[in-house]
Amino acid sequence: MACPPNPRTLPPALLLLLLLFLRLQADPLPTEGRLVNNCIQARRKCQVDPICSAAYHHLNSCTSSVSTPSPALELLVPEECREAAQHLRNSSLMSCTCYRRMKNQVACLDIYWTVHLARSLGDFELDVSPYEDTVTRKPWKMNLSKLNMLRPDSDLCLKFAMLCTLNDKCDRLRKAYGEACSGSRCQRPTCLRQLRAFFEKASEPHAQGLLLCPCAPADQGCGQRRRNTIAPSCALPSGAPNCLELRRVCISDPLCRSRLVDFQTHCHPLDILGTCATEHSRCLRAYMGLIGTAMTPNFVSNVNTSVALSCTCRGSGNLQDECEQLEESFSHNPCLMEAIAAKMRFHSQLFSQDWEDSTFPMMERQNKNPALRPQPWVFSLFFCTLPLILFLSLW
């Protein structure tokens, strides 16, 4: 005789649904190792479909022949390019994205912008980031135990520099760009490439600690160390080019264009109080992503935390307002200013007390983001499916 089912044992189907529910709640954003639909994968899928593949190839020839104007001008897209775009409407290419630390990032961004021209159908968009937001499962840790070799009154920029030196990866990457950007060996393209490698590959706490270390207002030595973090004598243009020309050069390069769009997406101020369109942490990540590109920003002086592009709006003619708007998106951006100030306050707090444990996780409170809250559709899916699962398990 068969044993009756244990009333305390959940049916397998119900247990599976519960696990799925908990998984969706705990991990609403993709991690760096699990991007939902990156453009390289979407391109491979497109190649299998003859119609999609032919349309993409035609569109690729369109993007190479169409020049990108300023936002004030209309981008003229030939009719045959519009027709090719229509064939990609239902392709996964239309929603594909990339992320910063992925392999073949430039190839991914090339695909994104090929399709992006079709998606905008002539509208110049600089407010949709090609980068997928990712989350990190484990916090990075920093070891403070060896900082006692420094003088107790050493400034925080010196302390963060020591923390980088004590970390093999950070030290190796920092030495690489330091050598490439040194005065006697300065070759700007190589310097910028090594700077990008540092800010992409070094752990975020080390990179942010070096770049955004707080200094006392009167401590110009500390401020100078902070300002020299990106080796400005080599990384920045020798003269001050026009800001619109700087942007034109940037937009012609898929990587720089992507970083600029990412900055404008996440560092867009919603009010004068410093509220960002997304979180402060994403604004800082986007800001640091510009370092090593044609649009590399830096601190203006050794005595304050104001930042700006190394360019001017002189000679802009009828585009003076447009140029000033671009320049002020860095120099007078309340979202960016508050994001930098908040990170510096956090860095100050790290050294404001004696840590019992010499190794501590780099954690801080983030602005509340709707994307991280429980999603209503998850609850709906769970409760709508629950009666069916119970019925099938008892039937």
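Tutor: We begin with a definition: helices are DSSP runs of H or I with at least four residues, numbered from the N terminus. Please bear in mind that this is a predicted model.

Student: Where do Asp171 and Lys175 lie?

Tutor: Both residues belong to helix α7, where they are four residues apart, about one turn of the helix. Asp171 is buried, at a relative accessible area of 16%, whereas Lys175 counts as exposed at 54%.

Student: What is the general idea behind a salt bridge, and how many does a search of the whole structure find?

Tutor: Side chains of opposite charge can pair when their charged atoms come close. The search of the whole structure finds eight salt bridges. One of them joins the side chains of Arg100 and Asp262, at 2.2 Å from N to O. Arg100 is in the loop between α4 (79-86) and α5 (105-120) and Asp262 is in helix α13, so this pair ties together parts that are 162 residues apart in sequence.

Student: Are Arg100 and Asp262 buried or exposed?

Tutor: The cut-off for buried is under 20% relative accessible area. Arg100 therefore counts as buried at 18%, and Asp262 counts as buried at 2%.

Student: With which residue does Glu322 form a salt bridge?

Tutor: The partner of Glu322 is Arg247, and their closest N and O atoms are 2.4 Å apart. This pair links distant parts of the chain, since Glu322 lies in helix α15 and Arg247 in helix α12, 75 residues apart. Glu322 counts as buried at 15% relative accessibility, and Arg247 counts as buried at 7%.

Student: How should I read the burial pattern of a helix? Which residues of α12 are buried?

Tutor: One asks where the buried residues point around the axis. In helix α12 (residues 243-251), the buried residues are Cys243, Leu244, Leu246, Arg247, Cys250 and Ile251. They cover an arc of only 155° around the axis, which puts them on the same side of α12. These buried residues pack against α13 (254-266) and α15 (320-331).

Student: Which residue caps the N-terminal end of α12?

Tutor: That residue is Asn242, with a side-chain oxygen 2.8 Å from the backbone nitrogen of Leu244.

Student: What polar partners does the side chain of Asp155 have?

Tutor: Asp155 is located in the loop between β1 (141-143) and α6 (156-165), and counts as buried at 11% relative accessibility. A polar atom of the Asp155 side chain lies 2.7 Å from the backbone nitrogen of Leu158. The side chain of Asp155 also makes a polar contact with the side chain of Arg225, at 2.2 Å. Leaving aside neighbours within four places in sequence, Asp155 is in contact with Asp219, Cys222 and Arg225.

Conventions:
Residues are numbered from 1 along each chain as its sequence is written. This is a predicted model: local features need pLDDT of at least 70, side-chain atom pairs count only at pLDDT 80 or more; totals for chains, interfaces and linings use all residues. Side-chain values use heavy atoms; hydrogens and water are left out. Buried means under 20% relative accessible area, exposed over 50%, partly exposed in between (1.4 Å probe, protein chains only). Helices (H or I, at least four residues) and strands (E, at least two) are DSSP runs, numbered from the N terminus. The arc is that of the directions from the helix axis to the C-beta atoms. Contact means heavy atoms within 4.5 Å. A polar contact is a pair of N or O atoms within 3.5 Å; within protein, one must be able to donate a hydrogen and the other to accept it, and residues adjacent in sequence count only if both atoms are side-chain atoms. A salt bridge is a side-chain nitrogen of Lys or Arg within 4 Å of a carboxyl oxygen of Asp or Glu.
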